[in-house]
Protein chains: 2
Amino acid sequence: MNDTKLIDIATALGISITTVSKALKGYPDVGSKTREKVFEMAATLNYRPNLNAISLRTNETKTIGVIIPAMVHHFFSSVLNGIIEEAERRGYLVITLQSSEKYELERKQIELLQIKRVDGILMSLSNETDDFSHITNAINNGISVVLFDKIAKLVNCSKVIINDRKAAYDATTFLINKGYKRIAHFRGSLVPQNSIDRFLGYKKALEDNGIPFDSRLVYMCNHNTDFEDGYDKAKQMMEDHNDVDAVFAITDLVAIGIINYLNEAKIKVPDQIGVFGFSNWFMSTVISPKLTTIDQPGTAIGQRAASILIDEIIQIKEHKTVTYQIVELPTTIIERESTKRN
Amino acid sequence: MNDTKLIDIATALGISITTVSKALKGYPDVGSKTREKVFEMAATLNYRPNLNAISLRTNETKTIGVIIPAMVHHFFSSVLNGIIEEAERRGYLVITLQSSEKYELERKQIELLQIKRVDGILMSLSNETDDFSHITNAINNGISVVLFDKIAKLVNCSKVIINDRKAAYDATTFLINKGYKRIAHFRGSLVPQNSIDRFLGYKKALEDNGIPFDSRLVYMCNHNTDFEDGYDKAKQMMEDHNDVDAVFAITDLVAIGIINYLNEAKIKVPDQIGVFGFSNWFMSTVISPKLTTIDQPGTAIGQRAASILIDEIIQIKEHKTVTYQIVELPTTIIERESTKRN
C-alpha cells in the first residue's frame, strides 16, 4: 500500500527493527505496551504489514474460529462477549459462525474454518449433533479445539462446562425445600448432554427426597427449547395434570413461556405453581413474577474457553505437550419471586 | 498438511482442475452446488488448500470485519445474525469486534482489521464517536466500509439505516392520538445521530399537534441507555413532574426500566402513564404490561449491510465504479398493552 518501512516505525519510537517486527507479528516476548505503541505508530505512518504473508512464514493466522448454535440468544452472546474480550487481550481475532442447531451446517463450518487455517476452534454443539467425527478429524489434523457448554464427553479435548446435573439437582431440591411436591420437568431433546444431565439431576433430587419419579410429568421441548415450547407445554400440562405444583424448566426462555401461559390462565405463580428456570438471562429479572433460576456464567465460560484454546495453540506451536483440561465453572441459585410461597 | 492434489478432487468429481481451483478460491463463475461438492470432496480427501497463499495472489481474504458497540444486546446480535447469514451465503467469513461504546477502541479496531486485510468493514459507531477520520482514512485506503444503525452523516460511504426521526414522530403521534398529553422523552446522549433524530421526531410531533415542547420533560440517559437509566430517571421524573402521563423512551431497555419502576411504585401502566419503547426486543413481549414499541428490523439491517458491502468489494475488485447507497428500511409500530387506555 505504501513504502513506509519498519525502520521508520523503529526510528520514530526509538526501538529496534526486530522489536517492531516481533510486535507486528504478535510475538509474546514483546510487552503489550510496546506492541500497542508499534501498532499506533504503524497506523500514524499508514504502514500495513502484509499479515497474510507473515502468517505464511509463521504458519499462524492469529485468528480463532467460534461455532455457536445461535447468535440471538442471551447465553451465547454472553459467551461470545467473553471470547472476544479474551481474544482481543491476547492479540487474536475471532471469526464467528452459527450452526443454527444443524449438524450438517456445523460439520461444514468446522471444515471451512480449517480451510481458512484458523489457529484453533471453540465450539458449542448443535442440538442435532450425535456424531463427532468432524471434531475428532479436526483435532487429528492438528487444530486445537475447545468445547464449551454443549459438549461431547467422547471427544478427547479440553472442555469448559458447568455441572448441569448438580445445578439441576440443586434447583429441584430447592423447590422441594420450598414445599413443592408434584414437580414437573420441561426438558430438552434426547441428544444434547446438558439436556440429559439436567434431567438426571432433576430425577435424582426427587428420589433422594423420597418423591417418586413420574415420567408423565416430564415434557420434552423441541430442538430449539424456546418460549413457545414453554407456553404450549404448560397448557398441555395443566390439562393432563392439574395437580402439578411446580416446574423446573431447562432454560429461562422455556420458563418464561410457562409463566406467560400461567399468567394468562390466571394460575398464580408462585402460590399455585412455582417456576424455576436455567441460565439467568437478563429478561428473567424483568418479567412478573421475576424468575428464580440458575446463574450460568456465560462471559466467564467464553473467557476461560478462549484462554485455554490460546494456551494450547501456543503450546502446540512451541512443540510442548498439551494436557487437556475439563474446567467446571460454578453455578449459583438466584432466588426471585417465581418460587416464593406464602 | 498432505499431498492430495487438486487433480484427485477433479477426478473424483469428474470436473476440470480449473473448476476445482476456482471453486476453492470462491470464484463467482462456479455455481454454489459445484462449490459445495468441491469443498465436500476436499474434506473427504483431507485436502487443505493454503488459503492464505491464495489470498496473497488474489489480494482477497474473503473475510469481512464487523465492529459493533456491544455483543450482549438484542438488536446488535440480530444484526450480526443477519450479517453472518448473508456473508455465509456469499462465501465470506465474519470477524467480529466490539467497541464497548468506546471511541478509542473503535479507532484501534478499524486499524487492526485493515492490518488483517479484511476485504471490507461493517460498522455501527460507538456512542462516544464524534470524530470520523479513522473511518474516512480506511475508505481512502481503499477499504469498503458500510455503516449501519449508528452512522455518521458526514462520512461518504453506503449506509443502512432506519428513519429514526420519522419512527419517533410516529411513536409520539401515536401517544397523542391515544389521548396522552404530557409526554416525556428519555433520550440518549448528545452525540449519536439516532439519539438526536429520535429526539427531533418527538419534538416535531408535539409541535405539529399543538402541544408545547417542554425541555424539562426530556431526560438524558447515560452512554449505555440501559435498564437502570430507565428505572432511575422514571423515579426522578415522578418526583419532578407528577403530571406526566406518558413516556417515549429511546430503547426498549430504558422503557422496561421505566415500567419496572412504575410497577414497584404502584403507578398503573398504561392507565396513569403510557410507555412507548424502541427496537422490539424479545423481552418487550414478556414483561407485564407488554410494551408498545417500534420494530427495528435488526436481521434485515445486517443482511442488507453485508449484501451492499460484498457488492462493493466485488465492484472494486473488478475496477467498476462504486455508487454509495443510503438504504432506509421501514419501521412499524407494534401496539401492545403499555399504551392502551381505558
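**Entry: α10(B) and α11(B).** I looked up helix α10 (residues 227-240) of chain B and helix α11 (residues 252-264) of chain B, whose axes come within 6 Å and cross at roughly 45°. Axes here are lines fitted to C-alpha atoms, for helices over the stretch in contact, with angles from 0 to 180 degrees between N-to-C directions; helices are DSSP runs (H or I, at least four residues) numbered from the N terminus. The two are therefore oblique to each other: angles under 35 degrees count as roughly parallel, over 145 as roughly antiparallel, 65 to 115 as roughly perpendicular and the rest as oblique.

**Source note.** The model is predicted, and local features need pLDDT of at least 70, side-chain atom pairs count only at pLDDT 80 or more, while totals for chains, interfaces and linings use all residues. Residues are numbered from 1 along each chain as its sequence is written, with chains lettered from A and ligands numbered from 1 in the order in which they are written.

**Entry: residues in that contact.** I noted that B:F227, B:Y231 and B:A234 are among the residues of α10(B) that meet α11(B), where the partners include B:L253, B:I256 and B:Y261. Contact means C-beta atoms, placed from the backbone, within 7 Å.

**Entry: α6(B) and α7(B).** I then turned to helix α6 (residues 103-115) and helix α7 (residues 133-140) of chain B, which pack at about 15° with axes 9 Å apart. That angle makes α6(B) roughly parallel to α7(B). I found B:R107, B:I110 and B:Q114 of α6(B) meeting B:H134, B:I135 and B:A138 of α7(B).

Note on methods. Two residues are in contact if their C-beta atoms, placed from the backbone, lie within 7 Å.
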